[in-house]
Each structure stands twice: as structure tokens, then as C-alpha cells.
Amino acid sequence: MLEKFKKLKFNIGWKSLILIGVCVVLIIVDLLTKIFEEKDSWNFAVIPNFIEVVSGSRNPGCAFSFLSEASWGQPFLIAVTFILLILLVAIFIVLPERFILLKISISMITAGAIGNLIDRIAFFEVRDFVELRMFGRMVSCNFADFWIVIGTVIAIVDMLFINEWALIPLTKTAKEAQVKEKEKAETENDTEEIEKNSEDGEAQNNADEHKDGDNG
């Protein structure tokens, strides 16, 4: 797979441009919901004891309040987010347009990361207001977290089952691509073997000629 990444080039077509626009929209949606939640103090149940909107929840850490008590937590999370964003943007740029699901996932994860990064820089904490019951307790989150989770799920499903690099290819396109890649690899190996045998043969011939010359 590393060899495939080395061969990738700058790939920004009309699909990528649309996804960049979608990323911007998702960031705006996240920030607007946070602003309106603060302004209007939202408090209501979508599904009682399962999905509830609770105003004023703040998270100085990350998922499940991890690093919330550490004084270095926010600077660390901000630095990690910047590094993650650089990697995501680089991958998004070089991925061919045919990897549309991966590009969708990257645009969603990027939107979520930027939304929460803005909070961390501006408030040194993340504004949460949606509470979900997970693992027996209510967990606070926001729309940026939704974008990150949904994008991650899309990427995992795509890499496992759908695209041409899938570990367990289930789609016709993925299966055909992997068959072609296997045939290509076998052809290259055969070519290398022929070249190697040719070189070995030449070396042996030269050695024999040199030996005959010495005997003469």
C-alpha cells in the first residue's frame, strides 16, 4: 500500500471542490448550533433518557473527558489536531477522485476537527450540548463530534469492504481492481526474474570466457 501512495499525485477535481464546500458548510453548522445553544439555552429531550439536549455542558478534555484534568491537556490536543489536519489535507489532495468515499470521510473528519479546534483555541474547552446514552451513561457531544464519528465509520467501511484497497473486498469494482493488481504484480515479478536470470547468465558467460582465456 505504501508503494501505491508514493505513486499518487495532486488530485483535486470537481468532486473534491464540492466536498471542500461541504466541509465548510459542516463547520458553519457546528459553530452556529453552538452559538444558538448558548444564546437560547436549549434544554429538551429528543428521545428521553437516550438523546437529550442540555445547555451549558463544557468539556476541557476530549472524548469521555479524557485529559480534562491535565493542565497540559488543551495545548496537547490543539497540537495533535493541527498535525491531524495537515495529514488529512495531504491525503485528501493526493487521493484520486475515484476514492470518493474516503474523500467524503476526510472532509467530514476535517470539518469536525476544525469545529472543535476553534472551540479549544477560543475557549480552551469544547462546547457540548447533545447528550447520548452510551455504555450505560449519558455522554455529552456536539455536531463536530458527529461529523468525526460518521466520517470515521465511512472510512473504516470503505477500507474494509468497498474500495480497491479493501481488506475484504465485497464490491465488484474492488474485486476486479485487486485481481488486476495481483496480475500486474505477478507480471512484474516474472519480468524481474527474467532480467535476473539474464544477468546471471551473462555473468556466467563472462566468467567462462575469462576462465577459457586464462587456460589458453
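**Entry 1: the overall layout**

I reminded myself that this is a predicted model. I looked up the secondary structure and found 6 helices and 4 strands in the protein chain. Going along the sequence, I read the order as α-α-β-β-α-α-β-β-α-α. I then checked burial: of the 216 residues in the protein chain, 29% are buried. The accessible surface is about 13600 Å², and carbon and sulfur atoms supply 66% of that. Last, I looked at contacts with a separation of 6 or more: 63% of these join residues 24 or more positions apart.

**Entry 2: charged pairs around E38**

A friendly reminder to myself: side chains of opposite charge can pair when their charged atoms come close. I counted 7 salt bridges. Which residues meet E38 in salt bridges? One is R58, at 2.8 Å from N to O. This pair links distant parts of the chain, with E38 in helix 2 and R58 in strand 2 (residues 51-59), 20 residues apart. Another is R127, whose closest N and O atoms with E38 are 3.2 Å apart. Because R127 is in strand 3 and E38 in helix 2, this bridge ties together parts 89 residues apart in sequence.

I also looked up how accessible these side chains are. E38 has 37% relative accessibility, so I noted E38 as partly exposed. R58 is partly exposed as well, at 26%. R127 has a relative accessible area of 6%; I put R127 down as buried because the cut-off for buried is under 20%. Stepping back, I found a network of salt bridges that links D30, K34, E38, R58, D119 and R127.

**Entry 3: a bridge between two loops**

Next I looked up R98 and found its side chain in a salt bridge with E164, at 2.8 Å from N to O. R98 lies in the loop between helix 3 (73-94) and helix 4 (100-123), while E164 lies in the loop between helix 5 and helix 6 (172-215); the two are 66 residues apart. Is R98 buried or exposed? With a relative accessible area of 55%, R98 is exposed. E164 is partly exposed, at 24% relative accessibility.

**Entry 4: the aromatic rings**

I turned to the rings and counted 5 aromatic pairs. One of them is W42 with F129, an edge-to-face pair with 5.8 Å centre to centre and 80 degrees between the planes. W42 sits in the loop between helix 2 (14-40) and strand 1 (43-47), and F129 in strand 3 (residues 126-134), so the pair ties together parts 87 residues apart in sequence. W42 counts as partly exposed, at 24% relative accessibility. F129 is buried, with a relative accessible area of 2%.

How are the rings of F129 and F143 arranged? Their centres are 6.1 Å apart and their planes are at 35 degrees, so this pair is tilted. The pair links distant parts of the chain: F129 in strand 3 and F143 in helix 5 (residues 143-162), 14 residues apart. F143 counts as partly exposed, at 24% relative accessibility.

**Entry 5: a charge over a ring**

One last item for today. I looked up F92 and found K103 lying over the face of its ring, 4.6 Å from the ring centre.

How values were computed: Residues numbered from 1 in each chain as written. Predicted model: local features only at pLDDT ≥ 70, side-chain atom pairs only at ≥ 80, totals over all residues. Heavy atoms only, no water. Phe/Tyr/Trp six-rings, centres within 6.5 Å; stacked < 30°, edge-to-face > 60°. Buried < 20%, exposed > 50% of the residue type's maximum accessible area, 1.4 Å probe, protein only. Lys NZ or Arg CZ within 6 Å of the ring centre and 35° of its normal. Contact = heavy atoms within 4.5 Å. Areas by Shrake-Rupley, 256 points an atom, 1.4 Å probe, with all protein chains shown as cover. Salt bridge = Lys/Arg side-chain N within 4 Å of Asp/Glu carboxyl O.
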